[in-house]
Amino acid sequence: MSAGVRLVILGKQGAGKGTQCVQLSRHYVVPHISTGDMFRAAMKSGTQMGLLARTFVDDGQLVPDEVVIGIIAERLSDKDARGRGFILDGFPRTVHQAQALSELLLPGRLDIVIDLAVDTALVLERLASRRVCSSCGHNYSVQKPPKFNWNCDHCGGEVVQRPDDKSEAIQTRLDLYESQTSPLIEHYCNEGLLETMDGAKPMDEVFTDIVNAIDARQAARSRS
Ligand SMILES: [Zn+2]
């Protein structure tokens, strides 16, 4: 088994992060910790945190730092994440959150930050066609629908367009992403943790690129 990894993955909505995270999570045997999934689950279950998160997400806004950092701190203290590591997806989003994360990880640190870079035009095209199972979260698209009548091939759930994939919400989120994440990318670049990947490539090639980047860093560390 591989050594595990402590990874942050950055990339705008529609960059293909979800797919990469599922594969990386299996490959390195670490949990995929997605703030988006955590919020969607909380919203579905109608908890107080979920209702609070919904007011921001439905508007295409980001959930405030204190709320997000608290949730992440709790999740990272679980045994799986403390032992083998994690893939963080959707967090951190700001330099402030990144600093909070560094403190949470002491005396350890992140191994690597992957930026999955894609053009906004390509993202808009991908998101307009994306559909998702409302029960199990499996991804489909207009080009690759489920076999039968927009019912999920895996669980029979209804396959729909996510409200935050609709065009008005997307533009707001992409603008927010650019303005908030540029400083974050610079921050991780200065820390020597950043690796930029071409997210426009086919998904299996992107996966291989990411694994090679992680393994090269881990090999370099074990030599030093
Ligand atoms: Zn399903």
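Leaving aside neighbours within four places in sequence, which residues is L76 in contact with? I started my notebook there.

**Ground rules**

I am working on a predicted model, where local features need pLDDT of at least 70, side-chain atom pairs count only at pLDDT 80 or more, and totals for chains, interfaces and linings use all residues. Residues are numbered from 1 along each chain as its sequence is written, and side-chain values use heavy atoms, with hydrogens and water left out.

**Entry 1: L76**

I looked up L76 and found I33, A81, R82, F86, L101, L104 and L105 in contact with it, neighbours within four places in sequence left aside. Contact here means heavy atoms within 4.5 Å. L76 sits in helix 4, residues 65-76. Helices (H or I, at least four residues) and strands (E, at least two) are DSSP runs, numbered from the N terminus. L76 counts as buried because its relative accessibility is 10%. The cut-offs I use are under 20% relative accessible area for buried, over 50% for exposed, and partly exposed in between, with a 1.4 Å probe and protein chains only. I also checked the C-alpha distance from L76 to V63, and it is 19 Å for a pair 13 residues apart along the chain.

**Entry 2: the zinc site**

Next I went to the metal. C133, C136, C152 and C155 each coordinate the zinc ion through SG, at 2.3 Å. Donors are N, O and S atoms within 2.8 Å of the metal (3.2 Å for Na, K and Ca); water is not among the atoms, so sites may look incomplete.

What arrangement do the four donor atoms make around the zinc ion? I get tetrahedral, because the angles they subtend are 99 to 118°. For the record, four donors count as tetrahedral if all angles lie between 85 and 135 degrees; four count as square planar and six as octahedral if opposite donors are over 155 degrees apart and all others between 65 and 115; anything else is irregular.

C152 is buried at 6% relative accessibility, whereas C155 is partly exposed at 41%.

**Entry 3: Y140**

Y140 is a residue of strand 6, and its relative accessible area of 9% makes it buried. Neighbours within four places left aside, its contacts include the zinc donors C133 and C152. Also among them are S129, R130, R131, P145, P146, D153, H154 and V159.

**Entry 4: helix 7 against helix 8**

I fitted this pair next. The axes of helix 7 (residues 120-129) and helix 8 (residues 167-190) come within 12 Å and cross at roughly 145°. Axes are lines fitted to C-alpha atoms, for helices over the stretch in contact, and angles run from 0 to 180 degrees between N-to-C directions. T120, V123, L124 and L127 from helix 7 meet I170, Q171, L174 and E178 from helix 8. I sorted the residues of this contact into five nonpolar, two polar and one charged. Ala, Val, Leu, Ile, Met, Phe, Trp, Tyr, Cys and Pro count as nonpolar, Asp, Glu, Lys and Arg as charged, and the others, Gly among them, as polar.

S182 is in helix 8 as well. I have S182 as partly exposed at 41% relative accessible area, and its C-alpha lies 9.5 Å from that of V95, 87 residues away along the chain.

Most residues other than glycine have a negative phi, and most peptide bonds are trans. I went looking for exceptions.

- F91 and P92 are joined by a cis peptide bond with omega about -5°, and P92 is in the loop between strand 3 (85-89) and helix 6 (95-105).
- The L106 to P107 bond is cis too, with omega near 5°, and P107 falls in the loop between helix 6 and strand 4 (112-117).
- V29, not a glycine, has a positive phi of about 50°, and I place it in the loop between helix 1 and strand 2 (32-34).
- W150, also not a glycine, has a positive phi of about 60°, and its loop runs between strand 6 (139-141) and strand 7 (159-160).
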